[in-house]
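Biologist: I would like a close look at one part of this model, with the charged pairs taken up one after another.

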Amino acid sequence: MFEKIDHIGIAVNDLELALQFYRNQLGLELKGIEEVDEQKVKVAFVPVGESKLELLEPTDSTGPVGKFIAKKGTGFHHISFRVSDLEDKLKQLREQGVELIDQEPRYGAGGAKIAFLHPRSTGGVLIELCEH
Ligand code: CO
């Protein structure tokens with residue numbers, strides 16, 4: 001079941017600079033920074049009501065976010081839907097012919113189980129499913 005939009009991922013070159021905007025200009029709050037080595041990324045969580053922003057700064061240009069910025073520039077990166085049954089959902093989508101980037105759930109920031117769907121199957125949007 002789809003429960004809510006968990007977060008929106010935004011690729012940035014410099015977390016400190018991005019946070020100056022989101023905190024000082026927009027008046028949002030920072031809820032923590034975490035490094036995800038596997039994804040070569042530093043992540044800042046900024047809650048917005050029931051959802052949040054996930055600001056993603058690459059720690060290495062060879063990681064997925066580093067490559068994304070090199071190709072498309074900074075800005076909107078992915079939308080994440082929270083589901084209650086990630087493994088079942090992935091199985092169901094695979095059976096429907098949706099191309100998955102992650103065949104099995106893996107661990108992302110905040111200890112969530114996550115999996116990405118390929119933008120080729122979604123009309124160009126990188127979609128993440130997550131389960132907490
Ligand atoms: Co995410």
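Which side chain meets that of K91 in a salt bridge?

Modeller: The model is predicted. In it, the side chain of K91 meets that of E95, at 3.6 Å from N to O. Both residues belong to helix α3 (residues 86-95), where they are four residues apart, about one turn of the helix. K91 is partly exposed, with a relative accessible area of 48%, whereas E95 is exposed at 60%.

A search of the whole structure finds six salt bridges. Another of them joins D6 and R82, at 2.8 Å from N to O. D6 sits in strand β1 (residues 2-11) and R82 in strand β5, so this pair ties together parts that are 76 residues apart in sequence. D6 is buried, with a relative accessible area of 2%, while R82 is partly exposed at 22%.

R120 forms a salt bridge with E99, and their closest N and O atoms are 2.8 Å apart. This pair also links distant parts of the chain: R120 is in the loop between β7 (113-117) and β8, E99 is in the loop between α3 and β6 (106-107), and 21 residues separate them. R120 is exposed, with a relative accessible area of 62%; E99 counts as partly exposed at 31%. Through shared partners, salt bridges join D6, K52 and R82 into one network.

E57, in strand β4 (residues 51-58), is buried yet has no salt bridge. The side chain of E57 instead reaches the backbone nitrogen of L15 at 2.7 Å.

Conventions
Residues numbered from 1 in each chain as written. Predicted model: local features only at pLDDT ≥ 70, side-chain atom pairs only at ≥ 80, totals over all residues. Heavy atoms only, no water. Helix = DSSP H or I, 4+ residues; strand = E, 2+ residues; numbered from the N terminus. Buried < 20%, exposed > 50% of the residue type's maximum accessible area, 1.4 Å probe, protein only. Lys, Arg positive; Asp, Glu negative; His and termini not counted. Salt bridge = Lys/Arg side-chain N within 4 Å of Asp/Glu carboxyl O. Polar contact = N/O pair within 3.5 Å; in protein donor to acceptor, adjacent residues only side chain to side chain.
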